[in-house]
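Biologist: I have the sequence and the model open side by side. Could you take me through some of the residues and how they are placed?
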Amino acid sequence: MAEMVGKKEEISESIAALRGKRDFEIIPVITENWNDDLSPWKFEDKRSVFGGKADLFLDRVLEKCREVEVGSEDSLVIAGYSLAGMFSLWAASGTDLFRGVASCSGSLWFPGFADSKIFPECRRVYLSLGDREAKTKHPLMSQVESITENYARTLKASGLYESVTFEMTPGNHFADVVERLAKGIAAII
């Protein structure tokens, strides 16, 4: 979410409070077209058009990662909220650059995700949803809880990860966004 860039300091403070230290840097990568840039494949329905240009946006993310001086490549993580949460999982499955991935209120309802066999190439995975997110009349979005739960079970059963965390938090998709994203990032760094 573009508005999250303006919350960078608030997110950083929340992560530091959860970890008891501030030994990290948040590097936001801004998208001009959310639906196109964050969707791994094309999809269109009566309400929305998704351009399937995530591969181009991932190139921008990786370029930004190369520009950042970090202690080691092993200290990079990727995180996102909503469609950016799904993008983060997809991005982490295409590179072993990231140590962890956090998908908070990830749009795992996105058509094709449940069948995509996305396995992030990292050690830690964090997934969260608001406990009211599936309570919608939208036929796709109403599946988000069951898809996310099944995805978490699949990742855990694979034995590929140091940790896989799935948490339900109070509220709908827009409840406590900063806190939920901070909690996810703190869990993987």
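Biologist: To begin, is Ala175 buried or exposed?

Modeller: Ala175 is buried, since its relative accessible area is 18%; buried means under 20% relative accessible area, exposed over 50%, and partly exposed in between, with a 1.4 Å probe and protein chains only. Please bear in mind that this is a predicted model, in which local features need pLDDT of at least 70 and side-chain atom pairs count only at pLDDT 80 or more, while totals for chains, interfaces and linings use all residues. Residues are numbered from 1 along each chain as its sequence is written, and side-chain values use heavy atoms, with hydrogens and water left out.

Biologist: Where is Ala175, and what does it touch?

Modeller: Ala175 sits in the loop between β6 and α7 (177-188). Helices (H or I, at least four residues) and strands (E, at least two) are DSSP runs, numbered from the N terminus. Not counting residues up to four places away in sequence, Ala175 touches Tyr81, Pro170 and Arg180, where contact means heavy atoms within 4.5 Å. The C-alpha atoms of Ala175 and Ser105 are separated by 9.9 Å, although the two residues are 70 apart along the chain.

Biologist: Which side chains make polar contacts with Arg180?

Modeller: Glu133 and Arg180 are joined through their side chains by a polar contact of 3.0 Å, and a polar contact of 3.0 Å also joins the side chains of Thr169 and Arg180. A polar contact is a pair of N or O atoms within 3.5 Å; within protein, one must be able to donate a hydrogen and the other to accept it, and residues adjacent in sequence count only if both atoms are side-chain atoms.

Biologist: Let us stay with Glu133. What else does it contact?

Modeller: Leaving aside neighbours within four places in sequence, Glu133 is in contact with Ser105, Met141, Val144, Gly171, Asn172, His173 and Arg180. With His173 there is a side-chain polar contact of 2.8 Å. Glu133 lies in the loop between β5 and α6 and is buried, because its relative accessible area is 11%.

Biologist: And Thr169, where is that?

Modeller: Thr169 belongs to strand β6 (residues 163-169). This residue counts as buried because its relative accessible area is 11%. Beyond four places in sequence, Thr169 touches Leu129, Gly130, Asp131 and Arg180.

Biologist: What about Met141?

Modeller: Met141 is placed in the loop between β5 and α6. It is partly exposed, because its relative accessible area is 34%. Its contacts, leaving aside neighbours within four places in sequence, are Trp109, Glu133, Ala134 and Thr136.

Biologist: Changing topic: which residues lie nearest the centre of the second largest pocket?

Modeller: Ser82, Ser107, Trp109, Met141 and His173 lie nearest its centre, out of 25 lining residues. On a 1 Å grid over the protein atoms alone, a pocket is an open set of points where a 1.4 Å probe fits, with protein on both sides within 12 Å along at least five of seven lines; lining residues have an atom within 4 Å of a point.

Biologist: How do the lining residues divide?

Modeller: The lining of the second largest pocket comprises ten nonpolar, ten polar and five charged residues. Here Ala, Val, Leu, Ile, Met, Phe, Trp, Tyr, Cys and Pro count as nonpolar, Asp, Glu, Lys and Arg as charged, and the others, Gly among them, as polar.

Biologist: What is the phi of Ser82?

Modeller: Ser82 has a positive phi of about 65°, although it is not a glycine. Most residues other than glycine have a negative phi. Ser82 lies in the loop between β3 (77-81) and α5, and it counts as buried because its relative accessibility is 11%.

Biologist: Finally, how many residues does the largest nonpolar core have?

Modeller: The largest nonpolar core has 39 residues, and Phe87, Leu89, Phe98 and Val125 have the most contacts inside it. Such a core is a set of buried Ala, Val, Leu, Ile, Met, Phe, Trp, Tyr and Cys residues joined through side-chain atoms within 4.5 Å. Helix α5 gives the largest share of this core, eight residues.
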